[in-house]
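Please look over the model below before reading on. My notes follow as numbered points.

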Amino acid sequence: MHYEGLIIGICTFLIIGLFHPIVIKTEYWCGVRVWWVFLLLGIVGVVASLLVANTLLSTLLGVFAFSSFWSIKELFEQRERVRRGWFPKRPDKKE
């Protein structure tokens with residue numbers, strides 16, 4: 001039996017699930033000014049994905065990279081959700 005597809009699916013689910021609270025906490029504590037960290041993580045992930053010979057690891061690095069890129073968009077959308085009152089705003093945070 002070949003388990004790679006199942007492993008990739010489960011790990012993709014976990015990676016995306018991990019990024020969701022990271023984006024929320026990042027916006028809460030740092031705002032959107034650290035968006036470039038997600039950009040750097042994405043670039044590192046893409047380069048690593050291209051350099052790794054193992055298909056499973058290369059795929060998961062690609063998923064990580066593009067989840068990082070997607071997090072940039074989500075970080076700015078999270079700021080809007082906070083402005084709408086859907087998520088709590090840090091009381092001492094400056095605009």
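1. Burial comes first. Buried means under 20% relative accessible area, exposed means over 50%, and partly exposed lies in between (1.4 Å probe, protein chains only). Ser-68 is buried, at a relative accessible area of 0%.

2. Some ground rules. This is a predicted model, where local features need pLDDT of at least 70, side-chain atom pairs count only at pLDDT 80 or more, and totals for chains, interfaces and linings use all residues. Residues are numbered from 1 along each chain as its sequence is written, and side-chain values use heavy atoms, with hydrogens and water left out.

3. Ser-68 sits in helix 3. Helices here are DSSP runs (H or I, at least four residues), numbered from the N terminus. What does Ser-68 touch, leaving aside its neighbours within four places in sequence? Its contacts are Phe-19, Phe-38, Leu-41 and Gly-42. Contact means heavy atoms within 4.5 Å.

4. Helix 1 has 27 residues, which should span 39 Å at 1.5 Å a residue. The expected span is 1.5 Å times one less than the number of residues. The end C-alpha atoms of helix 1 are 37 Å apart, which agrees. Just after helix 1, Gly-31 takes a positive phi of about 75 degrees.

5. Which residues of helix 1 are buried? They are Thr-12, Ile-15, Phe-19, Val-23, Thr-26 and Glu-27. These buried residues pack against helix 2 (35-51) and helix 3. An α-helix has 3.6 residues a turn, so residues three or four places apart point the same way.

6. The largest nonpolar core has eight residues: Ile-15, Phe-19, Val-23, Val-32, Phe-38, Val-63, Ile-72 and Leu-75. Helix 1 (4-30) and helix 3 (55-83) each give two or more residues to this core. A nonpolar core is a set of buried Ala, Val, Leu, Ile, Met, Phe, Trp, Tyr and Cys residues joined through side-chain atoms within 4.5 Å. Leaving aside neighbours within four places in sequence, Ile-15 is in contact with Leu-60, Val-63, Phe-64 and Ser-67.

7. Now the cysteines. How many disulfides does a search of the whole structure find? It finds zero; a disulfide is a pair of cysteine sulfur atoms within 2.5 Å. Cys-11 is partly exposed, with a relative accessible area of 23%. Cys-30 is also partly exposed, at 26% relative accessibility.
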